[in-house]
Amino acid sequence: MKPLSRPLFTAVAALFALLMIGTRFSHFGDALHLPDASMGLFFLGGLYLRKHLAFLGFVALSVLIDWYSVSYAGVSDFCITVAYSFLPLAYAVLWYAGRLLAPRFDGSLASHALVFAGIVVGATLSYAISNGAFYWLGGRYTEPNMDQYVQRFAQWAPLFVRAAAGYVLAAQLVQALVFRFAPRAGDGKTASA
C-alpha cells in the first residue's frame, strides 16, 4: 500500500485519535461503550500512518488519556504500576507489525488475510508483554507463579485480541468498500480492491 497523502494522513490520524479518546476508558465495552480500540489502533497506525513520530504521538495520547481518566474521571489506578512503563514496548509491537505488513497490503484478499493474521499474532505478543509486565512486576500478586500467569493469560488474552482484531477487521471492510466504490482520481471509474 502506498503511503497516504498529507491530507489523508491527517484525517486518518485524527479519526484514530478520536476513536482512542472515545474508547480507552472501557477495556471490554458494555451496552453503552465500545471496547478499547487502542491495540487495534496502534496496529492500524503502523499499517496506514507508519511514521515513527506518529507512533510517539499516539503513545503520548494514550498516557494523557490514562492520566485524565485516573485523575479526573474516576477510573481506578489499579493498573498504574511500574509495569505501566512497558506499554510503549507493547504498543511498538503492534505499530511495527502493521508497518512491516504495509508494503504487502495491496487490497487483495490474500493481503487482507495476511493483515488479519498479523493483528492476531501482534496483539497476542503485545498482550503478553503488557500483561506479563503487570503480573510479574506490578506488585499486585503476592506470590506470582507460572501456573497462575498462564491461567490468567488464557482467560484474558482472547478478549483483548478479539477487540483489537475486530477493529482491524472493521477497518479492512471500510477500506475494501472505499476502494470498491470510490471513484479513482482522474478517470471517474471505481477503484478495484
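Q: How are the directions of helix α4 and α5 related, roughly parallel or roughly antiparallel?
A: In this predicted model, where local features need pLDDT of at least 70, side-chain atom pairs count only at pLDDT 80 or more, and totals for chains, interfaces and linings use all residues, the axes of helix α4 (residues 87-101) and α5 come within 8 Å and cross at roughly 165°. Axes are lines fitted to C-alpha atoms, for helices over the stretch in contact, with angles running from 0 to 180 degrees between N-to-C directions, and helices are DSSP runs (H or I, at least four residues) numbered from the N terminus. Because angles over 145 degrees count as such, α4 and α5 are roughly antiparallel.

Q: Which residues of α1 make the contact with α2?
A: The axes of α1 and α2 lie 10 Å apart at an angle of about 175°, and the two helices are therefore roughly antiparallel to each other. Contact means heavy atoms within 4.5 Å, and on the α2 side it involves residues including Leu41, Phe42 and Tyr48. From α1, the contact residues are Phe9, Val12, Ala13, Phe16, Leu19 and Met20.

Q: Which residue forms a salt bridge with arginine 24?
A: A search of the whole structure finds one salt bridge (a side-chain nitrogen of Lys or Arg within 4 Å of a carboxyl oxygen of Asp or Glu). Residues are numbered from 1 along each chain as its sequence is written, and side-chain values use heavy atoms, with hydrogens and water left out. With the closest N and O atoms 2.8 Å apart, the partner of arginine 24 is aspartate 66.

Q: Which elements give two or more residues to the nonpolar patch?
A: Val82, Phe86, Leu89, Trp136, Leu137, Met146 and Val150 make a nonpolar surface patch of about 650 Å². The elements that give two or more residues to this patch are α5 (109-137) and α6 (146-181).

How values were computed
Patches are made of residues with over 30% relative accessible area and no salt bridge: like charges are joined within 9 Å, nonpolar side chains (Val, Leu, Ile, Met, Phe, Trp, Tyr) within 5 Å. Accessible areas come from the Shrake-Rupley method with a 1.4 Å probe; for residues, only the protein chains shown count as cover. Angles under 35 degrees count as roughly parallel, over 145 as roughly antiparallel, 65 to 115 as roughly perpendicular and the rest as oblique.
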